[in-house]
Amino acid sequence: MRSARPIGLLLSGAAVLLWAVGMTVLQPLTEPIGPWSERLPGNNAYWARDLRFVAIVAVVLGLLLAGRGQLRWSGPAVVLGGVWIAADVAIDRSDPAGTPSTVLLAAGGCAVLGALVAVLSWRERGAPPSTDRRAVTGTACVAGVLAVVAAGIESPTDREPELTPAAFVTGVLLVALTVVAALAAAPARTRSRGLLAAGLGAVAVAGVALIRAVPPGTRILPMVALGAVLLTGVTLLAWDWPGGRPVWRHHTLAGFASLVGPVPMLLVAGVAMMGLLPIGPTFTALAGNSPINSADSDVLLSLAGVLAGLGMALLLAWPAALGHRPGPPR
């Protein structure tokens with residue numbers, strides 16, 4: 001897929017803009033109104049932080065797509081993501097707000113992204129283009145799980161008018177990353193796969209809209225359905241089609257794994273962060289924000305989504321289904 005690089009970079013750039021808006025427009029909405037214990041924030045109070053972290057991961061996933069899963073791109077991309085998270089915490093502590101801050105952060109983020117892309121493109125000059133199909137399929141799996149997480153994000157009141165548009169746009173961005181990465185991992189670009197990708201994208205965007213339309217507390221079923229559709233679609237797009245058509249029994253097994261796998265993985269990751277590794281409270285303290293009250297929990301849903309996505313990648317990026325070989329240049 002020759003368009004993987006420009007599309008991946010375009011989606012990474014869009015994620016930078018979402019991150020900047022999340023920091024300067026959405027984050028101030030979640031700041032506590034006072035230090036008194038009875039006003040300490042509750043579950044999902046820092047939903048803007050989760051959407052920002054999802055956007056940062058989307059920057060990394062876009063770079064992985066642009067590099068077609070090659071190690072010379074994926075390594076620096078992951079390092080950039082870690083540094084960006086650290087910078088996010090530091091910037092959050094300074095409480096930027098307003099249009100000038102949004103423009104400054106967006107411009108700075110795009111400049112950093114552009115500089116890294118220039119260096120990586122220079123380093124790979126003359127190298128034959130190839131696609132690590134397993135890595136790109138894994139990228140699609142992580143993006144698919146994060147699309148579900150972003151679409152279902154909630155706040156303590158769920159009445160902020162900015163929450164639903166922000167969650168919807170972030171979810172749609174992750175859907176685009178999922179579909180394009182899955183198509184880039186395909187062994188060949190065919191009309192059938194192209195039509196399937198278009199249909200999968202349309203259904204998934206409608207699923208994100210449906211999740212945002214239903215009231216909080218009743219979103220679990222449409223979230224499970226969206227995850228199953230997206231991840232099963234990834235296998236249909238990315239896996240080999242022996243004889244020119246899918247091996248339906250294999251995709252049926254993948255569909256079952258996609259239906260029952262993501263939610264338990266999210267729960268396990270969330271419980272681990274509540275008890276064994278309290279990462280959420282650490283980030284909250286480093287950013288200078290008030291702690292979540294003791295009756296609730298401070299869980300980074302974005303990190304849980306990344307871990308669940310990696311778990312699904314282990315299940316669905318089967319070497320046998322991907323032909324044990326990198327795909328030809330596309």
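**Close-up views of a predicted model**

**View 1. Buried residues of helix α7.** Arg-193, Ala-197, Leu-200, Gly-201, Ala-204, Gly-207, Val-208, Ile-211 and Arg-212 are the buried residues of α7 (buried: under 20% relative accessible area with a 1.4 Å probe, protein chains only). They pack against α5 (133–151), α6 (163–184) and α8 (220–238). Helices are DSSP runs of H or I with at least four residues, numbered from the N terminus. An α-helix has 3.6 residues a turn, so residues three or four places apart point the same way.

This is a predicted model, in which local features need pLDDT of at least 70, side-chain atom pairs count only at pLDDT 80 or more, and totals for chains, interfaces and linings use all residues. Residues are numbered from 1 along each chain as its sequence is written, and side-chain values use heavy atoms, with hydrogens and water left out.

**View 2. Thr-102 in helix α4.** Thr-102 belongs to helix α4 (residues 99–123). Thr-102 counts as buried because its relative accessibility is 15%. Leaving aside residues up to four places away in sequence, Thr-102 touches Ala-20, Val-21, Thr-24 and Val-25 (contact: heavy atoms within 4.5 Å).

**View 3. Confidence along the protein chain.** The average pLDDT of the protein chain is 88, and 95% of the residues score at least 70 (pLDDT: the predictor's confidence in each residue, from 0 to 100). Residues 34–38 have a pLDDT below 50, and this stretch has one contact in the model beyond near neighbours in sequence. Residues 324–330 also have a pLDDT below 50, with 21 contacts beyond near neighbours in sequence.

Terms used. Buried < 20%, exposed > 50% of the residue type's maximum accessible area, 1.4 Å probe, protein only. Helix = DSSP H or I, 4+ residues; strand = E, 2+ residues; numbered from the N terminus.
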